[in-house]
Every structure is written in C-alpha cells, then in structure tokens.
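Subject: Structure handover and notes

Hello,

Please find the structure below, for you to take over. My notes on it follow.

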Amino acid sequence: MSSSLTPKMFLYVTLVAALAACTNARIKSGDKYYDNLSYSKAISSYQKALNSQPDNNEVKLKLASSLRNLNNSADAEIYYREVAEAGALQGEDRLHYAQVLMKNNKYNEAKTYLEAYIADNPDDKLAQGLLISTKSTATLKEDTSAYILTALPLDFTVSMFGPAHYGKGIALAAETEITSAANTNPWTGYAFLDMYYMEKTGDGSWTTPKIFSDELNGRYHDGPATFNAAQDMIIYTRSAMRNQKKQLVNEKRENQFYLYQSKKVDGKWAESEEMPFNNQRYSVGHPSLSPDGKTLYFSSDMLGGYGGSDIYKSTFDGTSWSQPINLGSNINTAGNEVFPYISKTEKLYFSSEGHQTLGGLDVFLSENVAGSWAKPVNLAYPLNSSRDDFAIIFNDNDSTGYVSSDRSGGDMIYEFQKVAPKVILDGIAVLKTTDTPVEGVLITLINLTDGDTARISTGTDGKFKFNLLTGKSYKVKGEKEGFFNVSEEFKTSKKDISKKLSLSLVIEEIISADSGTGSGVADDGSSAAPKTYNIGEVFYDYNEASIRTDAKSTLDKLVTLLLDNPKLSIEIHSHCDSRGGAAYNLALSKRRAESVVQYLGENGISDTRLRSKGFGSSQPVNRCRTGVQCSEEEHQANRRTEFIVLPTKNL
C-alpha cells in the first residue's frame, strides 16, 4: 500500500488544518477583545469559534463572562451550565454562575454553587451574603402589589438610567446606536453615555429625549447627574481622562470615572471643573445632593472601604468640600453599594448587591437615627426584581418617583407609584360542635389602636370580611342570641405589605343549668345532669387547693368568655378524689372553688357573677370511691373544677 496521500485525503487534511487555523484566529481575536473589555466584539468571535470547537470550555467561560458583563444573564447561564455539567467550573466562576442564576430567579441552584464556592473561600463575605439571600427571597416577594411600575419609552435610545429632577421633567443618562466608529463604547458596542432631558406631557406621554447640554456632554461617558435646589448648579459623572484623547483606566483596564461640577451663567452651563476629591487611583460617581445643597453623597471604590464600591459623603462649608467620609458598615458591604439618593425628607436610598437581595442590585432605604444610619431595608418586590434595580428618585409626595432597572433585558427607567397596602381579613363563624357556618352572627371589628369600629352580620355561608390597616391592634367580636359571645385579638404587621388574614370564630350555644347540678356519679349511683360548660381542664395536685400553672390557660379563656358576655353568671364546682375523710374533702373542695373565684376576680371578673360550691369526693367521674384501689391517674381525674352556666339573673 502506498504511503502517499491521495488527492482526496490531501484536500481533507488541508481543509481541517485551515479550519483549525481559522478557529484559533477567532479565539485569539476574541481574547484580544476580551482583554480590552470589548465584550460585544468578543462574544461574536467566541461564538464563531465554538462552531468548530463546541467542547472548548475555556472559550465557553470567556463567552459566559462576556455575556454576564453585558447583563445578558439568560445566555450567560447556557454556557456556564455547559461548563458546569462538564465538571470544569471552578474557583470564582462558580460565584459568577451563582450570581447569574440568582438574576434568572433560580435561587436553589445558585445556593448549591455558592455553598461549593464558600467551602473553598470561607472568608468571602459577598458570597456569604448572597447565600443568605438565596434562602430568604420569599419574604421579599410577599407583596406583589406594593408598587405599580410603568416603563418610560426608549424612543431612539437603546438604554437609559439615572433620572434626576430638572425643570419640568427629568435629566438622565442614555446610550444610543453608534453614529460613527469614533464614539463607540467597546464594552457594549453602543455609543458612550450622554445626558438627555425629557418631559411628561399633559396626556401622560413623554417627549422625545433631547441632548441636555452641548457644553456638558463630552467625547466619552457623561451622566448621571444631580442638581441644587435652584437648578443652577450641576454635579455629574464623567469619564476620567488620562489626557485629552485617552480615558483613564484602572489595573483591570476598566474605565474610571470622576465627578465634575458646573454652574449656569446667563442661561448657559460654564466649563466643568473637577471635584476636589477626584483621584486617578479610584473612581467617584453617582452623585446626589442633599436638599440644602450642603452634603454630597456619592459612590467610590477608593481605598479603605469595605469592598467594591461604597457610599461616601462630603460636606460644603461655603468655600470648599470636605474630605469624603465613608457611611459605615451598616450601609456598605463587601459587595458594591452604588447610586445613593438623599430625599427631601433626608432618607437615604441606594442600591446594593451585598445586602439581602433578590439578585443583582436591589434598592434599599436607611434613615439617620441619632447621627447613625440604621440597618437598610430592602424595598422588596415588585420595585426590586431578580435583575439590577438602581438609581431611584422620589417626587415631592414621597410615594411616586422613578427607578432604573434592567429587568426587561436592558436598562430602562420606570415611573412608579407606591400603592397603599391592603390587609384583608377573611373570616367565618362556625358552630363548635359541627363546624357548620352560622348565619346571623353580628361581627364587630374594633380598632384597638385608634378606637374605630365596624359591623357586619354573617349570611348563610357564615362569612365576613374587613379591610384592615397595617401596624394596628384589632379585636373581632361575634354575637348571636342564644350563643356565647366570642372574641379574638390580633395585630397587623408594621410592614407596608398587602396581606390576607384568615379567622375562624367558633360559636357555641348557651346551655344553662340549675344551681347545684354536678357532673359525676353520686355515691347512691344516680347520675347528675351533664350540663357543665367544657372550656378545658382545671386539675389540682393531691391535697392542694392552689391553681396549677397548667390550669391558668383554661381560666384565662374563661376570663375572656366572661368579659365578652357581661350578663353571664357561672357556678364553679370543685371536687376531690376519694382519699381522706368526707368532711375534710368537702372543705378542701370548697377551698379549690374559692381559689378559682379569687383568680377570676384578680383578672377583672366581679364576684357578683360567680357562685362556688364544693362537692368533696361525692361525685367521682370514674369507679374510684372510698375503699377502691385506683391509680394516681384515676385519682387525678376526680381532683377537678367544672363550670355551669346559670340561667339569666339566677344570682
């Protein structure tokens, strides 16, 4: 056999070599774009390379990372998953995959990868915080109607975020499709950020965004911004420049940002000036001025923070700005804290990935109490989502405003309206013996906090419904002729969330009995009429008359019953076991009955409504009579107190 290649074989080998060379070139091209943070171009190169090398996990990881950096978590998950299933997902990639899964609402899966990552990196506080978040997202999704969100139109922009009140509308940062290669942002493939302005018209629509200021928009990124009350001074984020043409980048080759200030003179914005705390070693951005214009809040990754970007403040003394002060560990975490906003009521809003979140950035609220910022509160769903939610601002009414979010796949501004929480009580009155609905029960709702009342009668289905307020104490009473009045007390949560509460009022028919009727079997063998009111067990220790701890809950229920039924009178019957003489047992049973009277009196029940009797050992409920050997358990059953309801006006 000849060892030389046939023409067909030669052509095949040549094609394979050419394809391999082409694939390698695409990988090298992708790596070049990736290293330069040109993620949009890197994605294209890596996807083409995978057509020829579908099992190249290194390429898949860089493709997944590029997609993650462009906030395309849905596609990023696909490639991370393939690498994970191949057993090649290691190190920090597990953390990044978990973050992607959280953004895609897959918290249980994220939990698995976070636990694996933390096992190798037990000191990673960001990962620990994310793990806590995966276990407690349900509480942040309790109220799905707390806010109504409406997206602002993108029009010719491809994304927009960071609104700030200005004039009759809002100033914002936005990016558009590219108009020339010179102004292309390599990270996204779109134009660099510029500041725009748009207004809401009388019919509720929005005007097309227009350039905010030709004087302020530069060659690279500009925005977002904040304004003083007079709106003649602006502080805004801008790309930091190494020289007139090149941006300043950090050791990760990421663009750095500075804060710039400008004042309006004769209707035009003057040339911008750098804020004094800009520094080429770190970024500063996302400014928010306090209502009086004397304190500036912003985000920075300067040295000495808690990790990632932290929230800082600087104060103006009329001449200069102070050195920035970190807001501390209650606000800042090992993750990123960004986009602070200080409201007119001096509440601090900001976004964080390090506190308990639904995934990505969530918006939090903190208030300053005695000079310290309180533990932040997550504003929860639906204002927050599993994606990035950030850059919130409020209108004057403190219940409407704007928030930025990429929940729809790209950064958009949403107008939101806070909905007053609704707490609805769904109740039903049922008969104690059969659980069947009871018609004609008068239900009274009493707001114990404010003193308001409302009433409704149950229909044939026994149901009733009330609207409640948050953070209040309530009492619900049920009344029907011939039945015991009943009541239940409860409190609604202080959280501003809508909820449904369920309540079942158990209604019991009143059966009265004449004075002296007992429940046991007399020594002569005759049975007494079983007309006792069964509210629970009240037992005594041997040779004791004091109220045991386990009996107090039953007597407390009796107190409630008597308070709910002020016309009700009862007779208290106490008994002994068969040990001891008849005279001694009779006296002991009377002391037991009197101890109940005393307990009820101490809890607000007048003794004019009470009558007590002792029966000694004359009415056992079992075989244990004098001379009969019985177990301690059998004797205990006879050391009891019972109650009968006396006919009205019997006392």
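Predicted model: local features only at pLDDT ≥ 70, side-chain atom pairs only at ≥ 80, totals over all residues.

Another open sheet has four strands in the order β2-β3-β4-β5, with antiparallel pairing. Its edges are β2 (157-166) and β5 (210-211), and since each has a single partner strand, one side of each is left without a neighbour in the sheet. Within the sheet, β3 (residues 169-176) and β4 (residues 194-199) run antiparallel and are joined by six bridges. One of the bridge partners in β4 is Met-195, which pairs with Ala-173.

Next, strand β17 (residues 362-366). Five of its five residues are buried. On one side these are Asp-362, Phe-364 and Ser-366, and on the other Val-363 and Leu-365, so that both faces are covered, given that buried means under 20% relative accessible area. β17 pairs with strand β16 (residues 348-352) in the antiparallel sense over five bridges, and with strand β20 (residues 377-378), also antiparallel, over two bridges. Leu-365 takes part in both pairings: Tyr-349 stands opposite Leu-365, and Leu-365 stands opposite Val-377 in β20.

The largest nonpolar core has 38 residues, of which Leu-63, Tyr-80, Leu-89 and Leu-114 touch the most other members. The elements that give two or more residues to this core are α1 (7-35), α2 (39-52), α3, α4 (73-85), α5 (92-103), α6 (107-120) and α7 (125-135). Leu-89 touches Leu-61, Tyr-80, Val-83, Ala-84, Arg-94, Tyr-97 and Tyr-113, leaving aside residues up to four places away in sequence. Apart from this core lies another, of 25 residues, among them Trp-206, Tyr-349, Tyr-402 and Ile-413.

- Helix α3 (residues 57-69) has 13 residues and reaches 18 Å from its first C-alpha to its last, close to the 18 Å expected at 1.5 Å a residue. Its N-terminal end is capped by Asn-56, with a side-chain oxygen 3.2 Å from the backbone nitrogen of Glu-58. The buried residues of α3 include Lys-60, Leu-61, Lys-62 and Leu-63. The helix is followed by Asn-71, whose phi is positive, near 65 degrees.
- Helix α4 also has 13 residues, which should span 18 Å at 1.5 Å a residue; the end C-alpha atoms are 18 Å apart, which agrees. Ser-73, Ala-76, Glu-77, Tyr-79, Tyr-80, Val-83 and Ala-84 are buried in α4, and what covers them includes α2, α3, α5 and α6. Just after α4, Gly-87 takes a positive phi of about 75 degrees.

Most residues other than glycine have a negative phi, and most peptide bonds are trans. The exceptions found here include these:

- The peptide bond from Gly-223 to Pro-224 is cis, with omega near 5 degrees; Pro-224 is in strand β6 (residues 222-227).
- The peptide bond from Tyr-381 to Pro-382 is cis, with omega near 10 degrees; Pro-382 is in the loop between β20 and β21 (389-394).
- Asp-266 has a positive phi of about 55 degrees. It lies in the loop between β8 (257-265) and β9 (268-269) and is exposed, with a relative accessible area of 79%.
- Phe-339 has a positive phi near 50 degrees. It lies in strand β15 (residues 337-342) and is buried, with a relative accessible area of 12%.

Regards

Methods. Residues numbered from 1 in each chain as written. Heavy atoms only, no water. Expected span 1.5 Å × (residues − 1). Buried < 20%, exposed > 50% of the residue type's maximum accessible area, 1.4 Å probe, protein only. Polar contact = N/O pair within 3.5 Å; in protein donor to acceptor, adjacent residues only side chain to side chain. Core = buried A, V, L, I, M, F, W, Y, C linked by side-chain atoms within 4.5 Å. Contact = heavy atoms within 4.5 Å. Pairing = 2+ DSSP bridges.
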